[in-house]
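Morning, everyone. Please keep the picture in view.

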Amino acid sequence: TKCESGCVCADGLYENLDGRCVPAEECPCEYGGLAYRKGEQIQTECEICTCTKGKWKCIQKSKCSSTCNLYGEGHITTFDGQRFVFDGNCEYILAMDGCSVNRPVSSFKIVTENVICGKSGVTCSRSISIYLGNLTFILRDETFTISGENPGVRYSVKKNALHLMFDIIIPGKYNMTLIWNKHMNFFIKISRETQETICGLCGNYNGNMKDDFETRSKYVASNELEFVNSWKENPLCGDVYFVVDPCSKNPYRKAWAEKTCSIINSQVFSACHNKVNRMPYYEACVRDSCGCDIGGDCECMCDAIAVYAMTCLDKGICIDWRTPEFCRKFLLN
């Protein structure tokens, strides 16, 4: 806004983050509050970016993956980025192939079973079933079981203190990574080698979020509840007619929820704020913290914050947000 006296770099030189004057070829690049030297690379799901003369030059990956998130009390982000919330006490198909009328044979199907976890009627994803022909994975009660076999599928299972991770390859069709936090959060990361149609609550994965509410009957629903009801695994389950607002039903919890979830808006996550829109995650955190009122208050809140942290990590931003006093995770043998 005004001129101040001081030193400047000579023509053709530029000040780097250390305050030294360097030629353009030596200029660093910035991403997420960190500096990267020339030639260093960062990777996202779809791009590889190289630091060149202080700017990122990005190329598209030949195979681009996408992620569907199911988290907290019925929050879903589809493969194409559509967001919605539902509270249904039933089994629902998250994702499957073989959706077209001409090719009804499915090589995979992923189903979530929801149960009530709050007095206001909100639901939490508690059980995940993965069907791969005759091979079945059941994720429930913080552990998993595997039954049957399918020689046409390769898989591996990894564990850490926070997650169970399943790498599944269906040769010539899909590479999938399924991540479960052994509680309410489940992520389906998929890249495909064919243009096989995908369907379910995770959407149709065609790059257009506007038609993600495609029902089992192949028309785009007028609202999310009609869409959700069409993907019930058991047609005898009752339909969902409304979405609960837990903070209206539990107003005494709202101030606490807003305070504890505010870490998402704080300096702790500042490096990610301009990479991932934080408001949907903050609002989901407040909603879940209001609604999770039958024990596990902090677990619901921590799960919601963890989803934002994982989305930041997908963008190359690693946030160290857990502390011994806040959302501590005990390491298990």
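Why is the sulfur of Cys318 too far for a bond with the closest cysteine sulfur? Because that closest sulfur, in Cys312, is 9.8 Å away. For a disulfide we ask for a pair of cysteine sulfur atoms within 2.5 Å. Cys318 is also exposed, at 66% relative accessibility. Our cut-offs: buried is under 20% relative accessible area, exposed is over 50%, and partly exposed is in between, with a 1.4 Å probe and protein chains only.

Some ground rules. This is a predicted model: local features need pLDDT of at least 70, side-chain atom pairs count only at pLDDT 80 or more, and totals for chains, interfaces and linings use all residues. Residues are numbered from 1 along each chain as its sequence is written, and side-chain values use heavy atoms, with hydrogens and water left out.

Now the overall picture. The chain has 333 residues, and 47% of them count as buried. Its secondary structure comes to 6 helices and 20 strands. These are DSSP runs numbered from the N terminus: helices are H or I, at least four residues, and strands are E, at least two. The C-alpha trace spans about 75 × 55 × 45 Å along its principal axes.

Back to sulfur. How many disulfides does the structure hold? The count is 10. Let me take three of them.

One joins Cys9 to Cys21, S to S 2.1 Å. The torsion about that S-S bond is about -85°, so this disulfide is left-handed. Cys9 sits in the segment before β1 (13-15) and Cys21 in strand β2 (residues 21-23), so the link ties together parts 12 residues apart in sequence. Both ends are partly exposed: Cys9 at 23%, Cys21 at 37%.

Next, Cys29 and Cys51, with sulfur atoms 2.2 Å apart. Here the torsion is about 90°, so the disulfide is right-handed. Cys29 lies in strand β3 (residues 29-31) and Cys51 in strand β6 (residues 47-52), 22 residues apart. Both cysteines are buried.

Then Cys247 and Cys290, at 2.1 Å between sulfur atoms. This link is right-handed, with 90° about the S-S bond. It connects helix α2 (residues 246-249) to helix α5 (residues 279-291), and the two cysteines are 43 residues apart. Cys247 and Cys290 are both buried.

One more cysteine. Is Cys27 buried or exposed? Cys27 is buried, with a relative accessible area of 11%. Its sulfur is 8.4 Å from the closest cysteine sulfur, in Cys29, so that is too far for a bond.
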